[in-house]
Amino acid sequence: MQTDSHSSPMLASVLMVSSMAIIGVIDNFVIRLAESIGLWQFHMSRAMLMLPLIAGLSLLGLGTLRPQRFGIVVIRSVLITIAMLFYFSSLALMPIAQALAGLFTSPIFVLLISALMLKQQIGPWRILAVMVGFAGILCVLQPDPGDFDVLTLLPVAGGFFYALSAIVTRTHCANESTVALLAAMIMTLGLAGAIGLAFFTLFPAVSPEGPDGFVTRGWVWPMDLALPWVMIQAVGSTIAVFMLIKAYQLGEPSYVAVFEYSVMIFGPMFAWVAMGQTIGVMQVTGIGLIATAGVLLGWRAGRTSAEPQEG
């Protein structure tokens with residue numbers, strides 16, 4: 001396991017919140033590209049656009065493209081790819097509110113895995129912060145508990161694998177080049193996209209028109225309607241995921257993961273300002289809980305940095 005000699009909780013939190021601000025904006029436009037192309041073509045084409053940008057980051061001196069521990073980096077990339085495939089698959093089967101609520105169980109899994117498997121000491125304040133943040137997510141998304149289906153476990157599975165990738169990033173990839181981790185992740189997602197695209201093109205499924213056919217849609221050409229949105233995703237994701245990876249390298253996963261909740265502040269806020277979507281009382285309450293969780297955890301991180309013997 002890597003040491004915490006390079007830990008910087010404040011910088012990690014700033015990077016994560018900035019990353020979530022970008023993602024919260026660009027993910028509002030996924031519905032636009034889902035109207036004309038499929039999930040697999042999206043991942044493959046986005047990867048093809050992102051890889052030259054990532055190479056540019058390396059040329060600018062922000063990190064090497066060569067990983068130090070190839071096997072660990074591959075494992076991390078596969079974990080993230082599985083998480084994203086579970087999550088995006090769930091979008092075709094349930095409302096996005098349920099899918100997001102399932103995916104954002106990842107900080108809970110990070111906390112549990114850190115405490116139970118890695119034997120890290122997790123104090124009551126961090127547990128409280130995670131619970132408050134998760135309660136805020138439920139208030140923002142308002143999933144319907146009366147409409148439970150086993151398929152709702154798909155995004156929860158995504159949250160589990162995402163949590164595993166976050167822990168691997170911190171415990172085994174802290175000294176890896178951020179650019180190398182980003183490149184490996186995008187190549188793995190792109191490869192998964194190519195495999196899925198080939199499958200649904202050779203063995204076409206009955207795909208509804210519009211976003212409902214996102215997961216089972218094969219090759220679509222021309223893709224001029226979707227290309228501008230894919231390009232926005234490629235540029236935004238390159239910047240945002242670079243900062244996200246760096247945040248997990250710099251901060252403890254159980255601390256950094258809670259700041260991912262901030263995407264549920266930026267996403268709805270952008271939808272309200274740019275698209276006229278209203279935010280209800282429950283959503284405002286949830287945003288307040290998310291902010292409270294971040295303040296709680298930031299305060300506790302400062303205390304534990306000053307007093308390292310406390311749990």
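# Close-up views of a helical chain

Figure 1. Alanine 166 is buried, its relative accessible area being 2%, well under the 20% at which burial ends. The model shown here and in the other figures is predicted. Alanine 166 belongs to helix α8, which spans residues 153-172. Isoleucine 245 is 79 residues away from alanine 166 along the chain, and the C-alpha atoms of the two residues are separated by 8.5 Å.

**Figure 2. The whole chain, for orientation.** The secondary structure consists of 13 helices and zero strands. Read from the N terminus, the order of elements is α-α-α-α-α-α-α-α-α-α-α-α-α. The chain has 311 residues, and 51% of them count as buried. Among contacts in the chain with a separation of 6 or more, 87% are between residues 24 or more positions apart. The accessible surface amounts to about 14,500 Å², and carbon and sulfur atoms contribute 72% of that surface.

**Figure 3. Crossing of helices α1 and α12.** Helix α1 covers residues 9-26 and helix α12 covers residues 263-275. The axes of these two helices come within 8 Å and cross at roughly 35°. The crossing of α1 and α12 is right-handed. On the α1 side, the residues in contact are Val17, Met20, Ala21, Ile23, Gly24 and Val25; on the α12 side they are Val263, Phe266, Gly267 and Phe270. Sorted by class, this contact comprises eight nonpolar residues, two polar residues and no charged ones.

Figure 4. Methionine 264 lies in helix α12 and has a relative accessibility of 7%, so methionine 264 counts as buried. The C-alpha atom of methionine 264 is separated by 9.1 Å from that of glycine 136, a residue 128 positions apart from methionine 264 along the chain. Alanine 271 is also found in helix α12. Its relative accessible area is 3%, so alanine 271 is buried. Between alanine 271 and phenylalanine 29 there are 242 residues of sequence separation, while their C-alpha atoms are separated by 9.8 Å.

Figure 5. With a relative accessible area of 8%, glycine 190 is buried. Leaving aside residues up to four places away in sequence, glycine 190 touches His43, Met44 and Ala47. Serine 45 is 145 residues apart from glycine 190 in sequence; from C-alpha to C-alpha the two are 7.5 Å apart in space.

Figure 6. The structure holds nine aromatic pairs. One view shows phenylalanine 160 with phenylalanine 161: the ring centres are 5.5 Å apart and the ring planes stand at 75°, so the pair is edge-to-face, as the angle is over 60 degrees. Phenylalanine 160 is partly exposed, at a relative accessible area of 32%. Another view shows tryptophan 219 with tryptophan 221, an aromatic pair that is stacked; the distance is 5.7 Å centre to centre, with 5° between the planes. A further view shows Trp40, Phe199, Phe200 and Phe203, which form one aromatic cluster.

**Figure 7. Tryptophan 221 and the cis peptide bond to proline 222.** Tryptophan 221 and proline 222 are joined by a cis peptide bond, with omega about 0°. Most peptide bonds are trans. Tryptophan 221 has a relative accessibility of 61%, so tryptophan 221 counts as exposed, the cut-off being over 50%. Tryptophan 219, with which tryptophan 221 forms the stacked pair, has a relative accessibility of 44% and so counts as partly exposed.

Technical notes: Residues numbered from 1 in each chain as written. Predicted model: local features only at pLDDT ≥ 70, side-chain atom pairs only at ≥ 80, totals over all residues. Heavy atoms only, no water. Axes fitted to C-alpha atoms, helices over the stretch in contact; angles between N-to-C directions. Helix = DSSP H or I, 4+ residues; strand = E, 2+ residues; numbered from the N terminus. Left-handed = near helix turned anticlockwise from the far one by under 90°. Contact = heavy atoms within 4.5 Å. Nonpolar A, V, L, I, M, F, W, Y, C, P; charged D, E, K, R; others polar. Buried < 20%, exposed > 50% of the residue type's maximum accessible area, 1.4 Å probe, protein only. Areas by Shrake-Rupley, 256 points an atom, 1.4 Å probe, with all protein chains shown as cover. Phe/Tyr/Trp six-rings, centres within 6.5 Å; stacked < 30°, edge-to-face > 60°.
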